[in-house]
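Q: I have a structure open and would like to go through its architecture with you. Could we begin with the strand pairing and then move on to the helices and the surface?

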Amino acid sequence: MKVSAVSWDRFIPEENKQLLPGVVPPEAAQVHAGDFLISRANTSELVAKCVVVGQEPQKVILSDKIVRLQISEHCSNSFLSLVNNHAPHARAYYAEEASGTSFSMKNVSRGVIYRLLIPSHRWPNSTAS
C-alpha cells in the first residue's frame with residue numbers, strides 16, 4: 001500500500017503497488033477492516049495522517065511507511081482520527097517534529113506519534129479520579 005491510501009481522511013485500498021511475482025507477504029502485514037492506520041512518512045502537510053479501515057480490503061498489505069496502532073477500546077477511533085488529522089495542535093506538532101531534509105518526504109517515528117496530546121472529555125456526571 002502507498003501512503004496515499006491513508007492521506008485523505010478515508011482508506012483508499014486502490015492506492016497500492018503490486019508485489020513482485022513469488023513474494024508472499026506475512027499474514028501479520030495484511031490490512032483488515034477496523035484497523036487504525038497512520039502514515040509515518042509523507043509531505044509536511046500529510047505526514048502522520050490516519051484512517052480507520054472500513055470494509056475488508058482484498059489482499060492489501062502494510063508498507064514500511066504505514067503503521068497499524070492498537071487503540072484502547074475506551075477510545076473512539078473516529079474521535080482519535082478527527083483530532084489527529086484536523087486539530088491545529090496536532091498538525092502543528094507533527095510539522096514541528098517531522099524529520100527529513102526533503103520537503104516532499106518528511107518522517108515521524110512511532111515515539112512522535114505516541115506522544116501526540118489527545119484531549120479528553122469528562123462527562124458532567126462523572127466522578128473525578
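This is a predicted model: local features need pLDDT of at least 70, side-chain atom pairs count only at pLDDT 80 or more; totals for chains, interfaces and linings use all residues.

Q: Which residue is the bridge partner of F36 in β4?
A: The partner of F36 is L69, which lies in β4.

Q: And what is the strand order in that sheet?
A: The order is β3-β1-β4, in an open sheet of 3 strands with antiparallel pairing. β3 and β4, the latter covering residues 66-69, stand at the edges; each has a single partner strand, so one side of each lacks a neighbour in the sheet.

Q: How much twist is there from one strand to the next?
A: The twist averages 25° from one strand to the next.

Q: Let us turn to the helices. Which residues of α1 are buried?
A: Helix α1 spans residues 77-86, and its buried residues are L80, S81, V83, N84 and N85.

Q: What covers them?
A: The cover for the buried residues of α1 includes β1, β3 (50-52) and α2 (88-97).

Q: Now the surface. Which residues make the nonpolar patch?
A: L19, L20 and V23 make a nonpolar surface patch of about 280 Å².

Q: Is L20 buried or exposed, and where is L20 found?
A: L20 counts as exposed, because its relative accessibility is 64% and the exposed class begins over 50%. L20 is found in the segment before β1, a strand that covers residues 36-39.

Q: Finally, the whole chain. How many helices and strands are there, and in what order do the elements run?
A: The protein chain has 3 helices and 5 strands. From the N terminus on, the elements run β-β-β-β-α-α-β-α.

Q: What are the overall figures for extent, burial and exposed area?
A: The C-alpha trace spans about 60 × 35 × 20 Å along its principal axes. Of the 129 residues in the chain, 38% are buried. The chain exposes about 8,400 Å², with carbon and sulfur atoms supplying 56% of it.

Q: And the contacts?
A: Among contacts with a separation of 6 or more, residues 24 or more positions apart account for 67%.

Definitions and conventions
Residues are numbered from 1 along each chain as its sequence is written. Side-chain values use heavy atoms; hydrogens and water are left out. Patches are made of residues with over 30% relative accessible area and no salt bridge: like charges are joined within 9 Å, nonpolar side chains (Val, Leu, Ile, Met, Phe, Trp, Tyr) within 5 Å. Accessible areas come from the Shrake-Rupley method with a 1.4 Å probe; for residues, only the protein chains shown count as cover. A salt bridge is a side-chain nitrogen of Lys or Arg within 4 Å of a carboxyl oxygen of Asp or Glu. Helices (H or I, at least four residues) and strands (E, at least two) are DSSP runs, numbered from the N terminus. Buried means under 20% relative accessible area, exposed over 50%, partly exposed in between (1.4 Å probe, protein chains only). Contact means heavy atoms within 4.5 Å. Two strands pair if DSSP finds at least two bridges between them. Axes are lines fitted to C-alpha atoms, for helices over the stretch in contact, and angles run from 0 to 180 degrees between N-to-C directions.
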